[in-house]
Amino acid sequence: MAENIFYAVLTGGALGLLFDFLRLPRLIFNDKFFFDFLFWIVSAFTVFCYLLIFNNGSIRMIYLLFILLGFLLVLFTLGYVTKPLHIAIAKKLKKWAKSFKKVLQKLYNILYNIKANIETLMKKKFKGGKNGKGSRKEE
């Protein structure tokens, strides 16, 4: 029984670490629904596997409470330490992503203008013949 409770707390701690790990992408992408849904799917599968392995699939409230205890232990200890760190990293990554996006847009505009200039030069040098095939303009 003590071993099962230990593993229940350990499972809850692992779920707490997963929740803490998913906090950074949630802050970066501003998509709480997807990452929360992903967490709940993984946690449901993990708790199901725990109950199947250690309790032959029968649900006992004491194991669920110790899983919750392990989750809350990690959330209220490590979570308080890492939350400001995740917020700071997310702000820097968002700022970096905005500047990177501006650089990519400028490169795209340059390449688009070069392509447009080449197309206009090609239209001036060649004129359309029959069947859409171009013939060289004689000067």
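This is a predicted model: local features need pLDDT of at least 70, side-chain atom pairs count only at pLDDT 80 or more; totals for chains, interfaces and linings use all residues.
User: Which helix supplies the largest share of the lining of the largest pocket?

Analyst: The largest pocket has a volume of about 190 Å³. Helices H1 (2-21), H3 (32-55) and H4 (61-125) each contribute at least two residues to its lining. With 5 residues, the largest share of that lining comes from H3.

User: How many charged residues does the lining of the largest pocket have?

Analyst: Among the lining residues are Phe-19, Trp-40, Ser-43, Leu-64 and Phe-71. By class, 10 residues of the lining are nonpolar and 2 are polar. The number of charged residues in the lining is therefore none.

User: Against which helices do the buried residues of H1 pack?

Analyst: The buried residues of H1 include Asn-4, Ile-5, Leu-15, Phe-19 and Asp-20. Of these, Leu-15 and Phe-19 also line the largest pocket. The buried residues of H1 pack against H2 (23-29), H3 and H4.

User: What is the distance between the end C-alpha atoms of H1?

Analyst: H1 has 20 residues, and at 1.5 Å a residue it should span 28 Å. The distance between its end C-alpha atoms agrees with that expectation: 28 Å.

User: Is Asn-30 buried or exposed?

Analyst: Asn-30 lies in the loop between H2 and H3. Its phi is near 50°, a positive value in a residue other than glycine, whereas most residues other than glycine have a negative phi. Because its relative accessibility is 58% and the cut-off is over 50%, Asn-30 counts as exposed.

Technical notes:
Residues are numbered from 1 along each chain as its sequence is written. Side-chain values use heavy atoms; hydrogens and water are left out. On a 1 Å grid over the protein atoms alone, a cavity is a set of points where a 1.4 Å probe fits but cannot get out, and a pocket is an open set with protein on both sides within 12 Å along at least five of seven lines; lining residues have an atom within 4 Å of a point. Grid points are joined across faces, edges and corners, and a volume is the space filled by probe spheres set on the points. Helices (H or I, at least four residues) and strands (E, at least two) are DSSP runs, numbered from the N terminus. The expected span of a helix is 1.5 Å times one less than its number of residues. Buried means under 20% relative accessible area, exposed over 50%, partly exposed in between (1.4 Å probe, protein chains only). Contact means heavy atoms within 4.5 Å.
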